[in-house]
Amino acid sequence: MVGIVGYGAYLPRYRIKAETIARQWGADAEAIKRGLQLTEKTVPGQDEDTITISVEAARGAIQRAQIDPQEIGAVYIGSESHPYAVKPSGTVLIDALGIGPHVHVATNEFACKAGSEAMYVAYSHVKSGEMKYALGIGADTSQGAPGDALEYSASAGGAAFIMGTERVAAEILFTHSYTSDTPDFWRREGEFYPRHAGRFTGDPAYFKHIVGAGQALLEKSKLAPKDFTHAVFHMPNGKFPQEAGRRLGFTKQQLEFGWIVPLMGNTYSGSSPTGLAAILDVANPGDLIFMVSFGSGAGSDGFVYRVTEEIKAIKDRAPKVRSMLDNGKIYLDYGQYTKHRHKIKLNE
Amino acid sequence: MRDVYVIGAGMTPFGELWNKSIREIFVDAAMLAIEDAGVDHIDSLYVGSMSPGLFVGQEHLGPVVADFLGVTPVPATRVESACASGGVSFRQAFLEVASGVSEIVLAGGVEKMTDGADVTEALATAADQEYEVYHGVTFPGLYAMIARAHMHQFGTTRQQLAEVAVKNHRNGMKNPNAQFRSEITNEQVVKSTMVADPLRLLDCSPVSDGGAGVILASADVAKKMKSRAVKVIASTQASDTIALHDRTDLTTLGAVVRAAEKAYAMAGKKPSDVNLAEVHDCFTIAEIVISEDLGFFEKGKGGEAVEKGLTARECGKIPINSSGGLKSKGHPVGATGIAQIIELYEQLTGRGGERQVKKANIGLAQNMGGSGASCVIHILEAI
């Protein structure tokens, strides 16, 4: 049996409300909240970045798995906001958590799919028998240009998953990936903010790939949507995952626990992985979980998980997503937000 | 001048045609027109297109579309007159047939606007760059100034502006080629996102891809063909100052007035003889001003007219934009003028389907560029 033996998530305490951003730009907050189906988003602290978020999430994963970090053979961090263009994020993380130096470390980038990509590679290493444990992380401090629709959603957070073969809490039964060259959203080298092609990010990009991967996964697994207790899809806003679920035949109830976007925003590479962590926080043995990520450019990774008895033992060993989402929030005004997001250029 | 007839028409659906390139869009529309007319060749073609260079990086559009339509070596010319490019393309084809130079000419129009270009910036090149655009003005801003002036001078209301969009969406619902086939309410328009006070999102025509084509022919050809024909009884064009601030009156569009006067004289008709009109409702205020400048309503009464339903398709005094207009049908700039002609052609040949206007014998199409700096008008008559 190969699957998740430990998981952890991290969300910063800072928040900004959709109203606060809308007020700044003279936009209609109610129309935006209705259209995007989200009311606030997480904002990284001034000293937080993809690396610190990854460390916090991975710490939770190790606490839950209760393994010796030295036994982790590979670490992959998927993000589109790695702090360095040249310098791996994972090297800081392994030293912080006591992993390695006998470890394979790599950085993944595939827009919002980089996190599930890291999970997929970690899972494959363990499945091949190459190593005992591998760590896959999705984390971001997402960028959205001021005044752009993305500014209401681009948030910060992430989740980490340790794959292994012993004391598995969620077995990975099937995977499927679906990829094509679809330029719906991109950021070139040196550019501060991503660009996107408006509505083109919908049907030809997000829905085509999520539904493509999802349908193939259902066929491969010979399972029907009704067989699943939970489902989670990449959450660029509140509306898209609900619609993707509807098109694949899932109900709103199945999406309920993973659909954390209204209060979290879009944590890009951390989006569906954090949704999965929120589901594992409440899952029961025997539950089947359906997950499909999406990364612009574009592609989707799909996973079918089956929760085991082990989940009961590990759930409470680390902070849960819901508690981080609901508690200790610090709301920022737009000026503070620009400082947190390093949008103000200072003299060195 | 010889008599000229429209003997066939075809258009693509208007909307976000992400899977089609500009040449494919044009060829799709042109083939439909050629098949509709039943002709086995064309003598030349015109393609109206405002900014293929800015929108998709392709100039020299005439041979591009002629090549992919498979009609080389016939003369192929791109015509540009901003948003009036389609109407002027039709006029060039009309003049070519009327002059006796050609027997069968394809007049087309196409625009591909959703490929990622900055659309507002590209469209603004139709205004006065040095005296308007460099100072920050965009087209919604220019038409907002016209709206403000009209409201101030004649008491035109915010609700009356909204009624134009409501009516055009109601018509567009019955047009299978329309981009937005949905009903909207006055309240939705009035509460939509502000663009340039007093114009809101639902006062503005959308960004669209699309192509349209019609076949014009001489009387000899029209008689021989089995296809239905309508006669072009007027083709006129006028220009005005490029910048809005050089006009003496913001509440009237001089080029529309001039082109209309000439068109009625050429056709030997009065405004009251016209049974339906397709007009350039790039913004709701434009339709109100144009409906006055074409002589359908007294100056200042256009807002009241739409509010009273006088421009409604079903029972109006003069049905305006039975196609859904630019607002609902979509506005792929270069294709718009041709699509207006197509609506008249279909209505005048009784092929209006669910949106057929009763007793449609004479139709007028008014297409304009910029903030009314160019205007082209055609009047068509059923035979």
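Predicted model: local features only at pLDDT ≥ 70, side-chain atom pairs only at ≥ 80, totals over all residues.

Residues are numbered from 1 along each chain as its sequence is written, and chains are lettered from A and ligands numbered from 1 in the order in which they are written.

Helices are DSSP runs (H or I, at least four residues), numbered from the N terminus. Axes are lines fitted to C-alpha atoms over the stretch in contact, with angles from 0 to 180 degrees between N-to-C directions.

| Helix pair | Axes come within | Crossing angle |
|---|---|---|
| H4(B) (residues 85–98) and H14(B) (residues 333–348) | 5 Å | roughly 60° |
| H6(A) (residues 202–221) and H7(A) (residues 239–248) | 10 Å | roughly 40° |

Contact means C-beta atoms, placed from the backbone, within 7 Å. Among the residues that meet are B:Ser85 and B:Phe90 in H4(B), and B:Val333 and B:Ile341 in H14(B). This contact has five nonpolar, seven polar and no charged residues. Here Ala, Val, Leu, Ile, Met, Phe, Trp, Tyr, Cys and Pro count as nonpolar, Asp, Glu, Lys and Arg as charged, and the others, Gly among them, as polar.

In chain A, H6(A) and H7(A) cross at roughly 40°, which makes H6(A) oblique to H7(A). Their contact includes A:Tyr206 and A:Gln215 of H6(A), and A:Phe240 and A:Arg247 of H7(A). Its residues divide into seven nonpolar, two polar and one charged.

Finally, how many residues does the contact take from each chain? Chain A gives six residues and chain B four residues. The side of chain A that touches chain B has four nonpolar, no polar and two charged residues.

Definitions and conventions
Helix = DSSP H or I, 4+ residues; strand = E, 2+ residues; numbered from the N terminus. Contact = placed C-beta atoms within 7 Å. Parallel < 35°, antiparallel > 145°, perpendicular 65-115°, else oblique.
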